[in-house]
Amino acid sequence: MPPPLSAADLAAFDRDGFVYLREAIPRAVALACRDALWAKLERDRGIRRDEPATWAKAEGGRVGLAEAYEGDDLGAPWDACWSPRLVAGGDPPC
């Protein structure tokens, strides 16, 4: 299997400070993670995906991933995010 990042990708990382790794996570996994996050936000904080008015009214204000999970075991589908391609792509820039 060829490395996920080319020499041009690594040069772009050095120049720009980030690199775009295509297909790092399978689309189905990304969609499942998105759905799991919305379900947890609704269950724990009353933030509903289909009701934008609830987004700004979250208790404590804006909610990021760290605040939403507060140390919870992310479990499936999050475990599937660590695809071999993502892991291999993270090593060269670091």
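Is T54 buried or exposed in this structure? Before I answer, please keep in mind that this is a predicted model, in which local features need pLDDT of at least 70 and side-chain atom pairs count only at pLDDT 80 or more, while totals for chains, interfaces and linings use all residues. Residues are numbered from 1 along each chain as its sequence is written, and side-chain values use heavy atoms, with hydrogens and water left out.

T54 counts as buried, at 16% relative accessibility, where buried means under 20% relative accessible area, exposed means over 50%, and partly exposed lies in between, with a 1.4 Å probe and protein chains only. T54 sits in the loop between α2 and α3 (65–69), helices here being DSSP runs of H or I with at least four residues, numbered from the N terminus. Leaving aside neighbours within four places in sequence, T54 is in contact (heavy atoms within 4.5 Å) with G46, I47 and R48, and a polar atom of the T54 side chain lies 2.9 Å from the backbone nitrogen of R48.

I47 brings us to the largest nonpolar core, whose seven residues are V29, C33, L37, L41, I47, W78 and C81; such a core is a set of buried Ala, Val, Leu, Ile, Met, Phe, Trp, Tyr and Cys residues joined through side-chain atoms within 4.5 Å. Helix α2, residues 27–45, gives the most to this core, with four residues.

Finally, S6, in the segment before α1 (7–16), is partly exposed, with a relative accessible area of 35%. S6 and G89 are 83 residues apart in sequence, and their C-alpha atoms are 9.8 Å apart in space.

How values were computed. Helices (H or I, at least four residues) and strands (E, at least two) are DSSP runs, numbered from the N terminus. A polar contact is a pair of N or O atoms within 3.5 Å; within protein, one must be able to donate a hydrogen and the other to accept it, and residues adjacent in sequence count only if both atoms are side-chain atoms.
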